[in-house]
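I opened this notebook to record what I looked up in one structure, step by step. The entries follow the order in which I worked.

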Amino acid sequence: MRLRLLLIFLLALPAPLSFALPSDAKQPINIESDRAERNDKKGTTVYEGSVVIIQGTIKIRADKVTVYTDNNQVSRIVCIGKPAHYQQQPKPQQGLILASGNTIEYHLAADRIDLLENASLEQNGTTITGGKINYDLKAEIVKASSGADPKKRIQMVIPPSNQKEGN
């Protein structure tokens with residue numbers, strides 16, 4: 001049953017997060033926060049206080065964002081909030097992808113986004129919520145689970161316009 005729900009969810013999402021608008025990568029990254037601290041030895045930059053990051057259609061809002069670098073390359077971004085929010089438009093004709101979680105971890109090398117605690121992923125009205133959602137951008141696989149609370153279940157809502165006949 002869980003596999004069937006996951007397959008339905010994957011079919012309902014028209015595009016993965018990795019297919020951002022081509023212009024997004026060419027846009028400058030704008031970061032606003034109340035405070036910022038760079039630690040060159042650790043390779044971290046921490047932004048705190050109503051952090052907003054915008055690059056093209058990508059927008060991140062969080063209380064705290066930590067950017068980890070390895071050899072002057074960003075390797076991981078961790079966003080913390082109650083919840084933290086991520087949005088992106090994959091293609092001009094498609095709706096925004098909206099993701100949130102108390103913690104959002106973007107692993108650039110693995111091309112994966114992890115939504116932890118109070119996790120939610122939505123596009124074109126289809127929503128999945130749970131304790132933990134892992135989105136493998138390369139493989140285009142979404143995995144949702146209850147996270148730390150095994151008694152809690154994932155929930156999915158598929159609007160009538162996204163339902164495929166026979167599902």
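How many bridges join S8 to strand S10, and in which sense do the two strands run? I found 3 bridges between S8 and S10 (residues 155–157), and the two run antiparallel. Within this pairing, Thr-129 stands opposite Gln-155 of S10. I note here that the model is a predicted one.

**Entry: the chain as a whole**

I then stepped back to the whole protein chain. I counted 1 helix and 10 strands. Along the sequence the pattern reads α-β-β-β-β-β-β-β-β-β-β. The protein chain has 167 residues, of which 38% count as buried. I looked up its accessible surface, which comes to about 10100 Å², with 49% belonging to carbon and sulfur atoms. I also checked contacts between residues at least 6 apart in sequence, and 43% of these join residues at least 24 apart.

**Entry: the other partners of S8**

I returned to S8 and looked up its pairing with S7. These strands pair in the antiparallel sense over 10 bridges. Gln-123 has Thr-126 of S8 as its bridge partner. The hairpin of S7 and S8 has 2 residues between the strands, and Asn-124 takes a positive phi near 50 degrees there.

Next I examined strand S9 (residues 141–145), which pairs with S8 in the antiparallel sense over 5 bridges. Here Asp-136 stands opposite Ile-141 of S9. S8 and S9 also form a hairpin, with 4 residues between them. In that turn, Glu-140 has a positive phi of about 60 degrees.

Is S8 mostly covered or mostly open? I recorded it as mostly covered, since 8 of its 11 residues are buried.

**Entry: the nonpolar core**

Which residues touch the most other members of the largest nonpolar core? The core has 24 residues, and I listed Val-65, Cys-79, Tyr-86, Ile-104, Leu-115, Leu-121 and Ile-133 as those touching the most other members. Strands S3 (44–55), S4 (58–70), S5 (73–88), S6 (97–107), S7 (112–123) and S8 (126–136) each supply at least two residues of this core. S4 gives the most, with 5 residues.

Leaving aside residues up to four places away in sequence, Ile-133 touches Ile-113, Asp-114, Leu-115, Ala-119, Ser-120, Leu-121, Ile-128, Val-142, Lys-143 and Ala-144.

**Entry: backbone details**

In strand S5 I located Pro-83. A cis peptide bond joins Lys-82 to Pro-83, with omega about -5 degrees.

**Entry: rings**

I found 0 aromatic pairs in the structure. I did find a charge placed over a ring: Arg-76 lies over the face of Tyr-68, at 4.1 Å from the ring centre.

Note on methods. Residues are numbered from 1 along each chain as its sequence is written. This is a predicted model: local features need pLDDT of at least 70, side-chain atom pairs count only at pLDDT 80 or more; totals for chains, interfaces and linings use all residues. Side-chain values use heavy atoms; hydrogens and water are left out. A nonpolar core is a set of buried Ala, Val, Leu, Ile, Met, Phe, Trp, Tyr and Cys residues joined through side-chain atoms within 4.5 Å. Buried means under 20% relative accessible area, exposed over 50%, partly exposed in between (1.4 Å probe, protein chains only). Contact means heavy atoms within 4.5 Å. Accessible areas come from the Shrake-Rupley method with a 1.4 Å probe; for residues, only the protein chains shown count as cover. Rings of Phe, Tyr and Trp (its six-membered ring) pair if their centres lie within 6.5 Å; planes under 30 degrees apart count as stacked, over 60 as edge-to-face and the rest as tilted. A charge sits over a ring if NZ of Lys or CZ of Arg is within 6 Å of the ring centre and within 35 degrees of the ring normal. Two strands pair if DSSP finds at least two bridges between them.
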